[in-house]
Amino acid sequence: MNFELLNKSADTVQANSQGGGESSWIMHHILDSRELDLSPFGIIHLPEIHLFGMDISITKHVVFMWLAALILIIVFLKTARTYKKSLVPKGFSNLFEIVVIFVRDEIAKPTIGSGYEKFLPYLLSVFFFILTCNLLGLVPYGSTATSNIAVTATLATISFLFIQIGGMMKNGILGYFKGLVPHGVPLWLLPIMAVVEILGLFTKPFALAVRLFANMTAGHIVILALIGLIFILHTYFVAPVSVSFALFIYLLELLVALIQAYIFTMLSSLFIGMALHQEH
Amino acid sequence: MFITKLFALIALVTEGKAVGSPLDINPGVIFWTTITFLFLFFILKKFAWKPILNSLEIREKFIKNSLEAAEKAKEEAQKLISENKLNLSKAEQEAQKIINEGRENAEKLRHQILEESKQQAKKLISDAQAEIERKNQEAFIKLKEQVAEIAVNAAEKIIRENLDREKQSKIVQKYLKDLPKN
């Protein structure tokens with residue numbers, strides 16, 4: 001019985017890998033890889049690096065993260081330089097200033113409250129980093145680094161560290177853990193509540209990571225599937241429908257790119273605020 | 001047979017050509033994400049966020065101060081205007097008062113002068129009347145004396161013809177006495 005199942009699955013895998021599979025190309029676009037596929041201009045193979053027995057090869061998503069970081073550094077160093085000339089910026093700096101003020105006044109200030117200044121650089125960095133990564137996925141030949149769960153999980157972990165360390169620095173390590181359990185809980189409930197609250201600490205970043213990853217992956221899969229309909233059905237008549245729907249999803253993706261960057265930052269900020277001001 | 005198939009499957013899956021799962025976690029990516037993000041964070045924090053946020057704060061303070069100063073200046077101006085208005089109305093009242101006083105004084109003066117001139121005129125008239133009366137009296141007395149003298153002279157002439165002068169004079173005196181006084 002085992003033998004037959006294995007036989008079948010091996011055949012399926014072989015069929016997929018030989019180009020017979022109709023969905024493998026979707027995954028090819030979504031997933032990380034060791035090469036930059038710039039066809040028809042060629043394929044760039046990225047170097048493999050091993051450090052202390054760990055495989056830290058450069059991948060497509062890593063390259064696009066670097067690209068995002070590079071863009072951000074160039075843009076914001078230029079923006080910062082315009083403030084040296086005068087307090088009133090001109091041109092592009094104005095645009096970025098509006099977003100910076102948005103993050104400060106609409107995200108950090110209301111959710112964290114007093115003491116938000118310390119976390120503002122982190123929130124700004126994470127907001128712009130996620131936003132740029134999301135948008136790079138919508139550029140031709142681009143790839144969405146934030147549709148890699150390893151990337152989102154790492155960002156969420158950094159958020160987690162900011163939340164916990166921020167809370168501990170404000171309330172003291174002991175005070176922070178005491179404050180996790182709400183006041184007025186009966187003594188016999190305390191062990192259960194402690195477990196629940198500590199679990200809650202970890203579910204927050206987990207939700208952050210999965211939300212960003214799923215949102216950024218889903219849109220691309222839908223676009224690719226819509227385009228794929230043309231090839232799966234072997235007809236051009238479906239093309240207008242496919243293309244118009246794909247365009248619609250693409251515009252939706254633009255919105256989602258903004259919204260997910262906002263939500264990640266907003267929730268990080270909210271959790272930081274909750275860790276800082278535990279009485280609420 | 002079984003073993004070869006198993007190996008073939010493993011080879012295909014691990015070959016890289018086979019499709020993985022989006023949920024696969026690649027530790028290399030975690031490593032690079034951490035490095036990239038922390039690098040980006042520290043660079044931006046030092047060279048971008050600090051200057052940008054600082055200048056934003058400076059600008060906001062500047063705007064706030066300017067607005068407050070403008071508000072204050074406006075209030076002061078308002079106060080000055082109302083003060084000016086008050087002063088102006090006071091001055092107007094004063095002017096009105098002075099004009100009224102002047103008018104009253106003029107009226108009084110006019111009355112006084114008129115009264116005085118009237119009295120003076122009256123006095124002049126009465127003086128003149130008195131003078132006329134006096135002159136009249138004088139003239140009448142003179143006339144009376146002259147008439148008496150003429151009469152006496154005439155009587156003397158007559159009596160010298162006829163009678164004793166003494167007798168005649170007595171008769172004339174008597175006659176004159178009997179005349180009414182005026």
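A residue counts as buried when its relative accessible area is under 20%, and as partly exposed when the value lies between that limit and 50%. All the views below show a predicted model.

**View 1. A salt bridge in chain A joins R104(A) and D105(A).** The side chains of these two residues meet with a nitrogen-to-oxygen distance of 3.0 Å. R104(A) has a relative accessibility of 5% and therefore counts as buried, whereas D105(A), at 28%, counts as partly exposed.

**View 2. Helices α3 and α4 of chain A cross at roughly 100 degrees.** The axes of α3 (residues 60-85) and α4 (residues 92-112) come within 10 Å of each other, and their crossing angle makes α3(A) roughly perpendicular to α4(A). On the α3(A) side the contact is made by V75(A), F76(A), T79(A), T82(A) and Y83(A), and on the α4(A) side by S93(A), F96(A), E97(A) and V100(A). Sorted by class, the residues of this contact are 5 nonpolar, 3 polar and 1 charged.

**View 3. R134(B) forms salt bridges with E131(B) and with E138(B).** The closest N and O atoms of E131(B) and R134(B) are 2.9 Å apart, and both residues lie in helix α2 (residues 27-162) of chain B, where a separation of 3 residues is about one turn of the helix. In the salt bridge between E138(B) and R134(B) the N to O distance is 3.4 Å, and because these residues are 4 apart in helix α2 of chain B, about one helical turn separates them. The relative accessible area is 36% for E131(B), 44% for R134(B) and 41% for E138(B), so E131(B), R134(B) and E138(B) are partly exposed.

Methods
Residues are numbered from 1 along each chain as its sequence is written. Chains are lettered from A and ligands numbered from 1 in the order in which they are written. This is a predicted model: local features need pLDDT of at least 70, side-chain atom pairs count only at pLDDT 80 or more; totals for chains, interfaces and linings use all residues. Side-chain values use heavy atoms; hydrogens and water are left out. Axes are lines fitted to C-alpha atoms, for helices over the stretch in contact, and angles run from 0 to 180 degrees between N-to-C directions. Helices (H or I, at least four residues) and strands (E, at least two) are DSSP runs, numbered from the N terminus. Angles under 35 degrees count as roughly parallel, over 145 as roughly antiparallel, 65 to 115 as roughly perpendicular and the rest as oblique. Contact means heavy atoms within 4.5 Å. Ala, Val, Leu, Ile, Met, Phe, Trp, Tyr, Cys and Pro count as nonpolar, Asp, Glu, Lys and Arg as charged, and the others, Gly among them, as polar. A salt bridge is a side-chain nitrogen of Lys or Arg within 4 Å of a carboxyl oxygen of Asp or Glu. Buried means under 20% relative accessible area, exposed over 50%, partly exposed in between (1.4 Å probe, protein chains only).
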